Amino acid sequence: MPDARVIPIGGGDRPSRRAADAVAAGASRAGGERARRRRSPLIDDSAGSVAPPTVQSTGDEPTGDAVEAASSASAASSASSAAAPTGATAKRSPSRRRPRSGRGAAASEPAGRQPDSTTPASGEPTTRPVGAEATPAAAAAAELPEWERKIAALLAFARRRLTGDVQVDEFGFDPELTDKVLLALVRPLYERYFRVEARGLENVPAEGGALLVANHSGTIPLDSIMTQIALLDHHPGHRHLRMLGADLVFSTPIVSELARKTGTTLACNADAERLLNRGELVGVWPEGFKGIGKPFAERYKLQRFGRGGFVSAALRAGVPIVPCSIVGAEEIYPIIGNMKTLARLLGLPYVPVTPTFPWLGPLGAIPLPSKWIIEFGEPIQTDGYGLGAADDPMLVFNLTDQVRETIQHTLYRLLMARRSIFF
Amino acid sequence: MGRVVMVTGVSRYLGGRFTQLLQADPDISRVIGVDVVPPKADLGDAEFVRADIRNPVIGKVIAQAEVDTVVHMAVLSTPLDAGGRATMKEINVIGTMQLLAACQKAPSVRKLVVKSSTAVYGSSPRDPAMFTEDLEPNALARSGYAKDSVEVEGYVRGFARRRPDVAVTTLRFANFVGPKVRTPLTQYFSLPVVPTVLGFDPRMQFVHERDGLEVLWRATLGDHGGTFNIAGDGVMLLSQAIRRAGRPSVPLPQPAAPWIGGVLKRLGVADFSPEQMRFLAYGRVVDTSRMRDVLGFEPRYSTREAFDDFVARQGLHGPLSADTVEAVERTVLDVVGRSPGAREVTRA
């Protein structure tokens, strides 16, 4: 193109500016005050005047109310009805360990106590949401008003899932899904199978940021899930543990999705500090794959604690470090060998050989029912070291060692006191 | 004598809207729009220069009109707009170089605003949960829009070093959504069945087009130099966004994803570049505190409100839209309410 052609479009001369077009006129209609226009320069076209809250509320709230009304109506009818259903309600309520308002009726019963009846019910909405809507017709014969209330809650849950009406934080954490579905599925493991005993829960602060540091073991990171349940169900503050995971977790399909939704984020200083500064309880397993994939012969021997990055994160945020010792996880899948070539082929840190895997095929995935103890130790304060402490490598190394030694000694003490692996 | 603002890329939707917006400001005496194709929208009083920014002629226009503010919005995000990846790269990278060369020679230029993208951070499983402006990307983009954006920002930084008297503002926008704007991602959400990557549910952020225009306007008139992430509050998961658009989704295994993307691209249905695929697997979230604290901008639409507005105003409706699901829910509740057990209870 040799030269530029200047083509004035619309009114070329100044006076005709007013008639230029409706959009510009709409903007000058805003009052003509410059200051005002400066604050909201956007042109108010007729369709553009829809305020965002209105858009949202038209979709969601009325039905939410309808469901509430329906459920409360059925609740009222159940209260005034025959004695049999009320008796059933009364029998169930004492078994509720966590009478929190956030829980819906569908999943409020501890799955661990009645695994047979409640686990399928609470598992259904996400695995087969459409199926969940079909069940009430079949269940109409059950004739329990309690049922109706549950159905209403379950339907509301299914609707929220189906229409994407859920709230996740910047890290992708979905508290409702974690609590009602994903953890509900593994609660029987916690309560019945491993019979986890959580000790020293009072050492975990009820609010504010804290960094929980624990030993890692068990081939599959069940220990982190059990710690999460211990703190959510049994800690008086019902705290969600936000875990830090290796990058392999986030490049693996399905695992990555579940990890983000259950509150795990990448183990890096930026994320750890961001969570701690928000006052979250953060869990870290600094041994990583060296800990979880170590042979059975080296059980309960702590591996190197990374490079101490977790200590500098805690120092920067000025939060206490809570050492946590987990006994029992080492015995669930004893590693007697490692298929190194296969691991390299698959890009995994290890492929374990256990007494049951791979010999028994899928049966090898069943863990041994060891008895677990999770002990939370006394918090180590980090706020007294002053500014720049996180950049002092000697201090970071010393603190790392202190945390590691504390966990190692607690492990020895717990092992001495343990009667047997399974009881 | 008011300010003279030059806007590149005016023939596309956001550029055209932005040009209209600038004319409403009494401080600005002239608005010059530049693009290779004539604008479809009415630019009002703005003068339109049909010029290729890859051509040195742009320098003449800047000198003649004594342009003091340049708003560079001509970085294309998809080869479909340009007619091929080679042309797209040419427009994006060579065009920016030419424009900056012209600006460097023009003593009248006092302010440069560049519309960039959060795509410069890339998407990878090793990404921190949120990117701040000074974090480096983990995996450098190897091709496409993301690579172009990285290179454009590189040249802009070079320009800022050579002309320290010019206030340079780089705005890294998250994905645009809104009533009118069309991007590869809005096309993606308009597919009848939305393909996703199996086992991944990435986090995303959106900017409403009105917020985007407002922040551009603010950056043009203010004198905050620097780089800013621009996104609505909060995040959405991809699955959540698809559900809110009422669409069913079909998860595809990751190895098959590039192949499916290629087929869709060939069919002209949607444009899936390799970065787009990575974005759909790993997502990306940016920290917007600098936008709030330094630029003093509060978006009116959160990520979710922006997306809901996009769905409502573009009339997206699918088998899983909220009203359908609610209707089913009500029906089921009615059936349950009319069940023999419930009737007995109400009689009692």
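Two residues are in contact if their C-beta atoms, placed from the backbone, lie within 7 Å. By that rule, A:His234 touches A:Ala198 and A:Leu201, leaving aside residues up to four places away in sequence. This is a predicted model: local features need pLDDT of at least 70, side-chain atom pairs count only at pLDDT 80 or more, and totals for chains, interfaces and linings use all residues. Residues are numbered from 1 along each chain as its sequence is written, while chains are lettered from A and ligands numbered from 1 in the order in which they are written.

**Chain A overall**

- Chain A has 16 helices and 10 strands. Helices (H or I, at least four residues) and strands (E, at least two) are DSSP runs, numbered from the N terminus.
- Of the 423 residues in chain A, 38% are buried. Buried means 20 or more other C-beta atoms within 10 Å of a residue's own; exposed means 12 or fewer; partly exposed lies in between, with C-beta atoms placed from the backbone.
- Take the contacts in chain A between residues at least 6 apart in sequence: 74% of them join residues at least 24 apart.

**The sheet of chain A**

- An open sheet of 7 strands runs in the order E2-E10-E7-E3-E6-E4-E5 in chain A, with mixed pairing. Two strands pair if DSSP finds at least two bridges between them.
- Strand E2 (197-199) and strand E5 (265-266) of chain A are the edge strands, each pairing on one side only.
- Strand E3 (residues 210-214) and strand E7 (residues 321-327) of chain A run parallel, joined by 4 bridges. A:Val213 has A:Pro323 in E7(A) as its bridge partner.

**Helix H9 and A:His234**

- Helix H9 (residues 222-234) of chain A lies across E2, E3, E4, E6, E7 and E10 of chain A. Helix H9 runs at about 165° to E4(A). Axes are lines fitted to C-alpha atoms, for helices over the stretch in contact, and angles run from 0 to 180 degrees between N-to-C directions.
- A:His234 belongs to helix H9 of chain A. A:His234 counts as partly exposed because it has 16 C-beta neighbours inside 10 Å.
- A:His234 and A:Ala198 are 36 residues apart in sequence, yet 7.9 Å apart in space, C-alpha to C-alpha.

**Backbone exceptions in chain A**

- Most residues other than glycine have a negative phi, and most peptide bonds are trans.
- A:Thr219 is not a glycine but has a positive phi of about 70°. A:Thr219 sits in the loop between E3 and H9 of chain A. A:Thr219 counts as buried because it has 20 C-beta neighbours inside 10 Å.
- A:Ile254 is not a glycine either, and has a positive phi of about 65°. Its place is the loop between helix H10 (247-251) and helix H11 (255-261) of chain A. A:Ile254 is exposed, with 12 other C-beta atoms within 10 Å.
- The peptide bond from A:Phe357 to A:Pro358 is cis, with omega near 0°. A:Pro358 lies in the loop between strand E9 (352-353) and E10 of chain A.

**Strands of chain B**

- Strand E1 (residues 3-8) and strand E2 (residues 28-35) of chain B run parallel, joined by 6 bridges. B:Val7 stands opposite B:Gly33 in E2(B).
- E2(B) also pairs with strand E3 (residues 47-50) of chain B, in the parallel sense, over 4 bridges. The bridge partner of B:Ile32 in E3(B) is B:Glu47.
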